[in-house]
Amino acid sequence: MRSTALARIVVGVVVERRKAKSPWLDFLWRPISVLVGTPSATPWTQIGEESEATTFYAGEAAIELHRTETANYRDNLSSRTPALWIVLRPRLANSSSSAFDILMVTADPSEGEALTDAANDLVATVPMPASIIDTIDRFIAEHHVERPFNKRQRDRGEPRIPGHRSENTKNSK
């Protein structure tokens, strides 16, 4: 499928694996940040370790910017903490590679919230880096078109009375 994005911002996704305090799970995973650009590390390279948490560079993704979503980007940037939504999809349990595939990274809050309804996908927000804020701000300045809100009016025809036939309906006797 061909993308209609006018701009793309390449990012590297960083995730954290933390020991779970649950009898049903071994680990809890969550995205914790994005790196601007593409790191030279291979996906799923361990980049840090603390007592109960390990961080990994999960791989590369692209934030796609569309001219029709500039109002949503503007709302995101005007919030106190602009965020990116990261969607990770679990791999099969018998897979010998990484635990997740990076499905997408988006700056559109509406799209990010809509993705939280997906079955097993892990959707989380991370703070948006300043350089991405600047890029998106320039994109909005270049492509935003204010669209007036037009509320549709109901057709105010004759009110329908239940059980009453319209004059246009012919009786066939």
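Predicted model: local features only at pLDDT ≥ 70, side-chain atom pairs only at ≥ 80, totals over all residues.
## Ground rules

A residue counts as buried under 20% relative accessible area, exposed over 50% and partly exposed in between, using a 1.4 Å probe and protein chains only.

Residues are numbered from 1 along each chain as its sequence is written, and side-chain values use heavy atoms, with hydrogens and water left out.

## Overall layout

The protein chain has 3 helices and 7 strands, in the order β-β-β-β-α-β-β-α-β-α from the N terminus. Helices (H or I, at least four residues) and strands (E, at least two) are DSSP runs, numbered from the N terminus. Of the 173 residues, 29% are buried.

Contact here means heavy atoms within 4.5 Å. Take the contacts between residues at least 6 apart in sequence: 63% of them join residues at least 24 apart.

## The core

A nonpolar core is a set of buried Ala, Val, Leu, Ile, Met, Phe, Trp, Tyr and Cys residues joined through side-chain atoms within 4.5 Å. The largest one here has 24 residues, and Val11, Ile63, Leu84, Val105, Ile132 and Ile136 have the most contacts inside it. Elements giving two or more residues include strand S1 (7-19), helix H1 (70-78) and helix H3 (130-143). Strand S4 gives the most, with 5 residues.

Leaving aside neighbours within four places in sequence, its contacts include Val34, Ile63, Val105, Met128 and Ile132.

## Aromatic pairs

Rings of Phe, Tyr and Trp (its six-membered ring) pair if their centres lie within 6.5 Å; planes under 30 degrees apart are stacked, over 60 edge-to-face and the rest tilted. There are 5 such pairs. Trp29 and Phe100 sit edge-to-face, 5.6 Å centre to centre with 70 degrees between the planes.

## A partly exposed strand residue

Leu28 lies in strand S2 (residues 27-36). Leu28 is partly exposed, with a relative accessible area of 44%.
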